[in-house]
Each structure stands twice: as C-alpha cells, then as structure tokens.
Amino acid sequence: MPGALRRRLAGRIERWARARQGPDTLPLQLQARRLYILPTRAGLAFALLLFIMLVAGLNYGNSLALFLTFTLAGFMLVGMHECQRTLRGLELAQAQAADCHAGDDGLVELRFVNASTLPRRALAARTPGLAPTAFELPRDGGATVQVKFHAPRRGRHRLGRIELSTTAPFGLFRCWTWLYLPLEAVVYPRPAGTRPLPVPSAGRLAQQAAAAAHGEDEWDGLRAYQSGDSPRAIAWKSWARGGPLLVAQYAGSGGSDYLLGFAGLESLDLEARLSQLAAWIAECARRDAACGLRLPAAQAPPARGAAHRAALLRQLALYGEGSA
Amino acid sequence: MKPPGAQRSAMLLPILALLAAALANAHHLAWWCLPMLALATAWHVRAVLNGLPQPARTARIAFALFLTTGVLLSFRTLNGLAAGATLLVAMTAAKLFEARSRRDWYVICGATLFLLLAACLDRQELWRLPLYALCLWLSAASMRGLAGGAPLPAVTHLRESARQLAWALPLAILCFLFFPRLPGAFWSVAGDDEAITGLSEEMSPGRIARLAESDEPALRARFDGAPPPVAQRYWRGPVLHDFDGYTWRRHRGAGQRDGVAGAAGATLEYVGPAYHYSETLQPNTHGTVVALELSRPPADPYVAQSADYQLLARRPILQARSYELTAYPQAVDRAELSDAARQVDLALPPDRNPRARAFAQRLRAQSADDAAFVASVLAFLRDGGFVYTLEPQRLGRDSADELLFGTRQGFCGHYASAFVDLMRAAGIPARVVTGYQGGEWNPIGGYLLVRQKHAHAWAEVWLPGRGWQRTDPTAMVAPERLSRELLQFGDGFGSNATSLLGSRPWLTTAMQAWDALNSWWQDDVVGFNFARQLGLAERLGFGDRDWQTLAIALGAGLCAWLAWIAWSVRRLARVARPDAIGRAWRRIDKRLARAGLARADHEGVLAYCERLAAAHPAVAEGLRPLAHRYVQLRYGPPTTPAEQREFLRAARAYR
C-alpha cells in the first residue's frame, strides 16, 4: 500500500476509534467493545497452512487430515479469545506524564492493575512511532510501566493515543486498544546555544567579595575557568605558579547567582533564545549555581534546587502561552 | 542460538514436536532421514547449551543441497508423499542449524504440522492415534512458547495447550460431522508402489502359505440380518485363468478391467436368499472388491463387474473403503459359454502332467457326464489319503502329477490347481478362484472379520445347463477347515497363538474388543464421507439430503461453540467488576430490608451495626465483621484484589 494512502487510512481509523470510544477517564477498565484484534503475520501464515491442510483433506477425502485441520482451527479460535481475554478487564489505575525537553522522548508512567485470577502476558504499550515497552502483569497484581512519547515542540504537549497490545497466548493474533488519556506534559525548550553564561548578578557578587574581605573562608575548592567567570573569582596565585586558570568556589554559596534574561540574545529568534536560556539553566545546574529569570513575561528570583529549575523550565516552556 | 522468549525447557518443545512428527512418518521416510534428524537435533541442543555460533552461510546452503540430492537419490523424485515428507524433514533439520529468530521457529512449527498432515494422509490406523495426538499437543505447546513475553516453563505451555486443544475438540467434531465433504476429488495422485500384504493377482502353489499366517484383517462385513452359514462364506477375489505350469494368472485381454461392465454380469440371475451387508475392505494390490459370492455390483461408479463375476475397482484400493453390497449365494448364470471363453478355460501347458492327464481322461470315460466326473474326482481327493498342510514339499515341473500321485500333501492352492488341471484335461472348462473363506464372528462389534490368513483358493467348473459351479477340492481333503464355526481367534492351522488364546478367554475378549474398536474406527471415523454426512443430516431430522442442510447445521453448531468458548475463556479468569464491593453491600442491605431491618439512608454501615446491636444482637454479631471489612475496603488504604474477592465471597454467603 502506498504510504500516503496508508496514512490516510490510519488517520481515518484513528478518528473513528476516537469518536467511538470517547475520552478516557481514570481509573479505566478495558471493556470488550474497545478491544480490536487481528491476526499477525504468523497468524496469516498459519491460516494459509490450515487452508492447504483443508484442501488436501477434502481432496483425498481423508477424515484424519480433516480432523487435524479442524482441531487446529479450533485451537486458533480459542487462542483468539484468550488473546482478547489478556486485555479485557485490565485496569489502568493511574497515568502521569513527566515533563521533558523538546526533541527528547518523554516518559508517561502508567499504573496497571490486574484484578483477575490469571496473569496477563506478553503485553506491550507504546505511543505512535516509538519502540514499545514490554511488560507482564502477575495475577492479582499490578505494574508501573514507563512508555516513551515523542515531544517535538516546546509547550504544552497533549499526549496522543497510547496503544496497549498483546500477542499472547501464541503470537498468531494481536489484540490492542487505544487509550486517549487526558494527559498533558510540559515540554521544555530544547537546551541549545553556544553563548556563554551572562555575568552573575551584582548582589551575590558583592556578598562574595565581602566574605572574602572578612576572611570568612568558606572556600570549597577550585574548578576550571569558564568564559563568563568573574575575574575576581579567579585563583590568580595558582595561575601565577604556572598552573591552569582556576576559579575559586565557595561552600554554602555554591557559586554565583545568575539572573537570566534575553539580554544579549537579541539577534536570535524567540525559540532560539528560549533554547539558550534552557541551556544556561542546565549549565547552572551543573555548576550548582542559583539562577533566576528576568523575562518580559516571566520573573523568578534566583534560587537553587531541581524543583526550582523545573519551575523555571516550565516558565520557559509555556512562554508566550499564557499562565504557567 | 537461544530462541527468544523461551526458557530452555520450552525450547525443547518444538524439537520434540518435530521428532514426534518425523517418527509418525518413519514408515515412508528414506532410511537415512531419521538418523540425520537425530544428529541435527543433537547438534542444535548442544549449540544452544554451549552458545556455539551457527555454521557459515555457505556451509548451510551446501548442507541443504546435499540433503536435497540425498532425497533425489533415494526416491528419484521430489514428488509424492514419501519423497515430500523426507524432503520436509531434511529441510527442517537443515533449518535447525540456523534457527535464531521467532520467525524461524514458526517455520519449524509449520513444517511439523505439515509432517503430521502427511502422516495422517498416509496412515490412519487406530493405534497411531496416540502418536498423532502427542505430536499435535507438542506442536500446540511449542506455538504457545512463541508468543513473546517473559519465558515460561514447558510444563505451563503443555498444560495450557492441552486445555486449549480440549476446548477445540467440540469444534473439530462438529466440523468433522458437518463440514461438507467432496463427493469426488480436485486432483488425484499416482499411487505409491507399496506392497500391501494380501491376495495377489497370481498364484503359484506355495505363495499363499505365507499369507495364511497373517492375522491382518482383510475385510469386515456387517450383515443386516444373520450372517450366511459357514459353508457359504466364500469371499470372491481375483479369478485366475491362465496357467503356465507354475503360476496361475488373471487372463490378460478379454474379461479384465476395462470395458467389461456391460456385457459381463448381465446374464447373472439373482435368485434365492439375499444377504445385505456393508463391507469395509482393507487396501489391496489386486484391485478387486472382495465380496461374498455372488454379490451384485455396488452403486459405485468406480466398481464394475467382470465376465467372471469379479467386482473390479477402477482405481487401486489404497485406503480402506466401504461398500453396500447384496449377495445371492444361489445366483445362476444360464448363458452359454462363448467359444473364446471356453478356449481360455480349457488351455493347459503342453507336455506337462502326463499321468494326471491320462487319469482324468480315463475317469471321464468311466463317468456318465461332467457332473459325475467332478464327483468322482472329489471322491478321489477325499479318499486318496491326501493331507492338508501349510508346509508342503516343493513341487517340480509336473506339479499335478507329483501332488496327486507323489507327495499327496498341500494346501488349498495345490488342490485347486491340481483340480482345475484335471478338469481341463478332461475337457471341462475350469478356473481357479482366489479369495477368502470363512471369517470370525465378532460378537462385540456384531460383524464378520475376515483376516488375511483366511485366504483361500477353490475351483469353478462349467457344467452344461448349470453354468459355473463352485467346487472346493480342499474341502474334500480337510473338511474341518470348512465346517468349523470360527468363533475365536486363531483357526488352528499352525497358529501358535491359538493354544495361548484358548487358555485365556479374557484375552480373546480383549482382542475382539480391540478389533471391534478398530472396525468402528475404520468404518465410522476413517470411512466417514459425504454420503454418510447426508445420512447423518437426515437422521438428525434435517429432512433434505443436500449440502445446504449440512451448512445450516454447521453454522448453528459453530455459533454455539463460539459462544461457549467466549464464556469459557471469560470464566477462566474472573475479573472483579468496578464497585463490586458497593454492589455486594447493597445486596446485603436488600436482604436485611426484606427482614424488616432496613438501614436508613443517612445511616453509615458501622452506625447501623451499632443500632442493630441493641435490638437484634444476634444479627449485629453476624454483620459486624463484614461491615468492618466493608469500611476498610471502601475507605481504607488500597487493598489487593484477593482481599476484595474474599469479602465478596463472604458477602455472598451472608444470610
């Protein structure tokens, strides 16, 4: 089938299924009417084999060959029901999408509960275009499954469909369902850009200078110089002895405060600016420096910690989209 | 090399299935095929255990070509069931050297099923059924191991595939009975040149002795009424006309296979008592439908009657076949013998048996007519001190002379041959008829079983005005052979089994039961065909005898089976429905409300229990543990499905 036609057909089927199922709300128990099943490639080959056996049996009027064929056909049909059974009644208790950077694969966490007396085997969950995550559910048990999703653009990402499928019990049929969960992930700008970190904000520098002056030696070590480091923090003595250019780090303060903004990035477009800011935030995280934002539509005071940085990245992600 | 998604024990399943399928085909595979498969399997298992790499691609291709050449050398063809099965086993063995992906294993499973099909097409004996079933089971289990997902032990696959096959069985039986069969065939295959023991198309005295010891069944006959008396149990097979001094043969030319149907039996008048019976004939090489003398040709376009009353099949009888027949032991043929036929049945090799010739001519001269001559020859055989034995001395060039005046010992072939010799020497048209005589009555199955060891030869002489008359010279020599009612196994002619069986009646019963089972298997299972399907449809009250009624029955049964399977699979795993807990409690509420102890709308479950405790302490006592459990399940921390089920069970049991 030509690609275009295939895509059109797939889109049509998806719209049909979506309209048919309606939105999904958690907790969700899979009912039979939303389960779809088709033979796999191996299943089609097996059906062909059965057909050949049937023709041979009919032709020779051979009762034993016919009986064998019919038994195998029954075997296949029972397996088809078992395949559907593997998904039916399965409960999706929780679903949570983690934030991610644009261009990376995000992870959505699905909590499945199997409230049945049989295990559910050979399950796989995936989003379109990405490798599936295989998992199994023990009887009377549950599992948390991480499924990758593709997040191409910054901003609010509405999670598309998640396909939950199984090929149990013998790989001749594949039963699946499409989950349309009302999940949103915030996709941060892709960290990119080669501009150096801007100069740390004055307030923190002043404190550092004061600390140095008062001999309150919170000095914690040295690290390699990077462009943008304050000349006052450079360990000139060590450099004078012929060593490399090093920068003093101070415990407690843990480096410098950076108030990041669009200053100096005027030549870039908005997305590139946001990408550069994200890269700077990542750099701050590496240096364990406090950072804040000073943007026309978003302000945040400098601080440390993953949670704070995530909040900053969210602001970047949703920049220009209204409230965070 | 390890197949994905399968533990080591599960990995053995497809290999075991393949071995079982090859074993089921062992009888027609080339001799080198099974040892080669065993080697390939051993290599494969070793490679998997030790993680050896697969052989190079060129080596694998060379091996496959080598095996194909082997098949060609063994069979001179790749066509036909035996060559095809051998090729399939060989190629699958070659595949074992490169089995890596799941797809490879599916291919091996498919080949295994094809091999099983080949075995089914070739052999349908009842005793093979367990082997076929085992092979099917192993194949099914190995397919379950290919689903992907976490590996499971082989025992799990075996258990679950057994259940799956058991559920498939009703469908298989339904389709077996009602799936419309073909009255004919799309295409036919050339028969394999395989020797099947039984009567042959020629007889040299000494040949039947070997067959006489075989307990193999030749045919089974189920009579509508009582079976014919023992003296009339002559089953007519090939009729032999031509004699070269050593060997009796069918007459080539007139009266054989083709173009004889019309003129032939038309002159037979079917008079006297009739025996209607259905016969299941085992495969044979002579192409004759061996039937009770003298049977009308069946309503089968592929069977025709020849001029000498044989029922000739147009096709070789390669599988057991059933015929509905009616025999008229007293049928007569009043037509004159044509000159050509007379010539054939008077011919004798020249310069042979001078004493017998002279003896016959002398005796004929002394007799009033042909019938009297026949009677005096029979009397000579009866009173001449002849002995019936299965181990006679060899006879030379003048076989009749040596038998009649020398050794005086032989079996049916000897006496029939010598008798016809005497008749022809005296100018009476005569021929040898081969077939079976007698049969064992099987009381369990209610049929007459004729075995290969009942093979017999007798003579027919043509008497003016009376036509062809059956004459059994052996009956003169050994009258007990004819008159004995063969009720039990082993008829006493040199059979070692007889004494053993005679002392153990239960063994006789067991063997009769086994034969009856075999007979049922042959007649009703293997021999089930389109005509019987229609008969079944009619018996079930579907009225019309056509394939549409079959289709309706099949459709209805199919729907029922599908519903049953859906229900069964659902039942296999109980799934708690959402808010099963709440519904369970509402049932308890209703029950209590009927007893006049309704819970108020605003009342919590625990408060309700406390209220009850005052007025009905006994009721509250019973309800309290349930109520606590209910509150815990509904409002407490997450619980396991097992706990929920336990509560549901307790709630259902609450009275």
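What share of the contacts in chain B with a separation of 6 or more is accounted for by residues 24 or more positions apart? The figure is 73%, where two residues are in contact if their C-beta atoms, placed from the backbone, lie within 7 Å. This is a predicted model, in which local features need pLDDT of at least 70 and side-chain atom pairs count only at pLDDT 80 or more, while totals for chains, interfaces and linings use all residues. Residues are numbered from 1 along each chain as its sequence is written, and chains are lettered from A and ligands numbered from 1 in the order in which they are written.

**Chain B overall**

- Chain B holds 23 helices and 19 strands, these being DSSP runs numbered from the N terminus (H or I of at least four residues for helices, E of at least two for strands).
- Of its 655 residues, 37% count as buried, a residue being buried if 20 or more other C-beta atoms lie within 10 Å of its own, exposed if 12 or fewer, and partly exposed in between, with C-beta atoms placed from the backbone.

**Helices α2 and α4 of chain B**

- Helix α2 (residues 33-50) and helix α4 (residues 81-96) of chain B pack with their axes 9 Å apart and at an angle of about 15 degrees, the axes being lines fitted to C-alpha atoms over the stretch in contact and the angles running from 0 to 180 degrees between N-to-C directions.
- That angle makes α2(B) roughly parallel to α4(B), given that angles under 35 degrees count as roughly parallel, over 145 as roughly antiparallel, 65 to 115 as roughly perpendicular and the rest as oblique.
- On the α2(B) side, B:Cys33, B:Met36, B:Leu37, B:Ala40, B:Thr41 and B:His44 meet B:Thr86, B:Val89, B:Ala90, B:Ala93 and B:Leu96 of α4(B).
- This contact of α2(B) with α4(B) divides into eight nonpolar, three polar and no charged residues, where Ala, Val, Leu, Ile, Met, Phe, Trp, Tyr, Cys and Pro count as nonpolar, Asp, Glu, Lys and Arg as charged, and the others, Gly among them, as polar.
- The buried residues of α4(B), among them B:Ala82, B:Leu87 and B:Val89, pack against α1 (8-24), α2, α3 (57-75) and α5 (102-122) of chain B.

**Helices α6 and α7 of chain A**

- The axes of helix α6 (residues 270-287) and helix α7 (residues 306-317) of chain A come within 10 Å and cross at roughly 175 degrees, and α6(A) and α7(A) are therefore roughly antiparallel to each other.
- Their contact is made by A:Leu274, A:Leu277, A:Ala278, A:Ile281 and A:Ala285 of α6(A) and by A:Arg309, A:Leu312, A:Leu313 and A:Leu316 of α7(A), which by class gives eight nonpolar, no polar and one charged residues.
- In α7(A) the buried residues are A:Leu312, A:Leu313, A:Gln315, A:Leu316 and A:Ala317, and what covers them includes β9 (155-158), β12 (184-188), α6, β16 (290-295) and β17 (298-303) of chain A.

**A:Glu163**

- A:Glu163 is found in strand β10 (residues 162-166) of chain A and, with 17 C-beta neighbours inside 10 Å, counts as partly exposed.
- Not counting residues up to four places away in sequence, A:Glu163 touches A:Ala125, A:Arg126, A:Trp176 and A:Trp178; A:Ala125 lies 38 residues away in sequence and 5.6 Å away in space, C-alpha to C-alpha.

**Contact between chains A and B**

- The contact takes 43 residues from chain A and 49 residues from chain B, and the side of chain A that touches chain B divides into 24 nonpolar, 14 polar and five charged residues.
- The largest share of that side of chain A, 17 residues, comes from α3(A).
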